[in-house]
Amino acid sequence: MAKVFVDAQAARAIGKGAMIVFKAGVVRTEGSIRPGDVVEVYTRAGRFLGKGFANPNSNIMVRLVTKDPDTDINKELFRERIRKANEYRKKVLGYDKAYRMVYGEADYLPGLIVDRFNEIASLQISSAGMERFKMDVAEAIMEAEPEIETVFEKNTGRARRREGLPEVERVLLGKKKYRTVIKEGRARFIVDMRGQKTGFFLDQRENRIALEKYVKPGMRVLDVFTYTGGFAIHAAVSGAEEVVAVDKSPKAIEMARENAKLNGVEERMEFIVGSAFQVMEDMIKRGEKFDIVILDPPAFVQHEKDLKRGLRAYFNVNYSGLRLVKEGGILVTASCSQHVDMQLFKDMIIAAAAKAGKFLKLLEPYRTQAPDHPILMASKDTEYLKALFFYVEEAK
Ligand SMILES: C[S@@+](CC[C@H](N)C(=O)[O-])C[C@H]1O[C@@H](n2cnc3c(N)ncnc32)[C@H](O)[C@@H]1O
C-alpha cells in the first residue's frame, strides 16, 4: 500500500479529529498512487495516522476512512457504517421516512451522501475511492433500511468533475422510480430525484418548519430562491393569504406549482420565473411590501478566493430583501456557503440593515442545518448552513 507523509500541522489536525488531508499538508509520498487507491498516512517521522482514499489529482489528497491500522477498508466496513448512520437518524434523532441517511465524513463515509425519501434513496458520490464501492454501498443502503426499494444515483455536479469522475444520473439498484411524496411539518412535497442536488434540500427542513409559527392569516409572504416551493408552501399551508415564490429555474417552478396543487393552496400562490436580483428590484420600484420575506440563495461563495464577490452578492440580496419587508415584518435569511461563517454572515446582514435603514431583532436562536447533517466539531467542512430569523423595524 502506498504511503503519504504529512507535515506537523496536518498531523495535529488529524489528531484533533479532522478526516481530510489537503495536498498542501503532504511532504512526500511513497509508491504509486492512482485516484481512488487506499493509502496509509504517516507523520513526517513515520508515526501511523490513518488509512483512506487518495486522489493525487484533487486538492484533498486523502480522505481518511479509519485511524485504526487493523481496520480493513472493505464492503463489510461500509455496510456496518451505513447501518449505524441510519440507526442514528432513526433512534437518536427520531427521523422517520425522509432524512439524510449518510453525510460523508460526519458518518465516517467520506465522499458519500445518501438522502432517503420514503422508498427511494438518492446517493451522491464525490470521491474516487468511494466510487469503487458504489454497488456495495447501494446494497448496504437497502439492507440497512428494508423499506427502500430504489437506489438512485445522482452523481452529477462540480465535486464529481473535480475528482475526475464521470457524471451519471439513473436508477442504480431496485425498482425504476424517480418520484415520491414526503411530509414535512404541515406541508407535503413531491420529490423528484432528477431535480437539483439529491432532489430536495433536506438541510432546511427544521427551518422551514420553524417558519410555520410566524405565519398568520392574511399575511403576504415572499419566498425568493424557492426551488420547488420549500418555504413558500409552508407559508401557504399555515394560512398566508398571498404567497409569491421566485426562482430562476423553470423546472423548479413547475414542480413548485405541482406542490401548491398537492397542498390545495394554488389559489393563494403566485410563481415567478426570473433572476432574484431583477425581480426584487422591480418589486421595490413598484413599492411592494411583504409581512415575511425569505431569502435562501445558492452558495454564492464556492471557493475561499470568491469570498469578497460572494459576500457582495449576499449583501445585495439582503439589502433588497430588507427593503421589501413591511414595518414590523420578518426576514428569514440563509447562506449555505461553507466559507461564510456565522460571524461573516452577521457582519453582512448588519451592513445591509444599516444601508436599508432597518433595525433587526433576532427572533430565533441561530439556526443551522438539520441534525441529520451532523456537524463534526473537529471539521469545519461539515458546518455550512446558517439561517437567521429577524423582526424588522425602521431604524429610528
Ligand atoms: C438553496 S436552493 C433553495 C432551496 C429552497 N429554499 C428549499 O427550501 O427547497 C437555491 C435556489 O436558488 C435558485 N437560484 C439560483 N440562482 C438564482 C437567481 N439568480 N435568481 C433566482 N433563483 C436562483 C436555484 O434554482 C435553487 O432553486
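Predicted model: local features only at pLDDT ≥ 70, side-chain atom pairs only at ≥ 80, totals over all residues.
A cavity is a set of points, on a 1 Å grid over the protein atoms alone, where a 1.4 Å probe fits but cannot get out.

View 1. Residues are numbered from 1 along each chain as its sequence is written, and side-chain values use heavy atoms, without hydrogens or water. The structure holds one cavity of 30 Å³ or more.

**View 2. Lining of the largest cavity.** Lining residues have an atom within 4 Å of a point; among them are Phe53, Ile60, Met61, Arg63 and Glu163. Strand E6 (60–66) supplies at least two lining residues, as do strand E5 (48–54) and helix H3 (128–131), where strands (E, at least two residues) and helices (H or I, at least four) are DSSP runs numbered from the N terminus. E6 contributes the most, with three residues.

**View 3. Position of the cavity between domains.** Domain 1 (3–66) and domain 2 (75–177) both give residues to the lining, so the largest cavity lies between them. Domain bounds come from an automatic or database assignment, which also gives domain 3 (181–394). The centres of domain 1 and domain 3, taken over C-alpha atoms, are separated by 38 Å.

Technical notes. 1 Å grid on protein atoms, 1.4 Å probe; cavity = no way out; pocket = protein on both sides within 12 Å on 5 of 7 lines; lining within 4 Å. Points joined across faces, edges and corners; volume = space filled by probe spheres on them.
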